Amino acid sequence: MQEKTMKQMQQEVDEYISQFQEGYFRPLAMLARLTEELGELAREVNHYYGEKPKKATEQEKTIEEELGDLLFVLICFANSLGIDLQAAHDRVMDKFRTRDRDRWTRKEEAK
């Protein structure tokens, strides 16, 4: 499978959603979907790393699958608001590289 850029992923999701008359959900509905998917991810993490094992009757899902669902809804949310996630990512990374550059101990400093 060929790697995709964020722009390509946003375009792929947009092409998929554009097939349907309903289109993207409104922002509050999108936020509710994002919250729902985050809850499902939290549940999976708790099953794998927490003290709450799955019931024998529960469907097997993976953290990877739940992260994929969360990413899909996040891309839908960004697309619905006309947000370029690559540009948003670049701004955030710039912030971390400048404002937060001395916040944590670097591995080479810990020796």
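1. Which helix gives the largest share of the lining of the largest pocket? That share, four residues, comes from α3, where helices are DSSP runs of H or I with at least four residues, numbered from the N terminus.

2. The model is predicted, so to speak of local features a pLDDT of at least 70 is needed, side-chain atom pairs count only at pLDDT 80 or more, and totals for chains, interfaces and linings use all residues. Residues are numbered from 1 along each chain as its sequence is written, and side-chain values use heavy atoms, with hydrogens and water left out.

3. The largest pocket holds about 210 Å³ of space, and its lining includes Met 1, Lys 4, Gly 68 and Phe 72. A pocket here is an open set of points on a 1 Å grid where a 1.4 Å probe fits, with protein on both sides within 12 Å along at least five of seven lines, and lining residues have an atom within 4 Å of a point. Both α1 (6–17) and α3 (63–80) supply at least two residues of this lining.

4. The axes of α1 and α3 come within 10 Å and cross at roughly 85°, and these two helices are therefore roughly perpendicular (65 to 115 degrees) to each other.

Key:
Points joined across faces, edges and corners; volume = space filled by probe spheres on them. Axes fitted to C-alpha atoms, helices over the stretch in contact; angles between N-to-C directions. Parallel < 35°, antiparallel > 145°, perpendicular 65-115°, else oblique.
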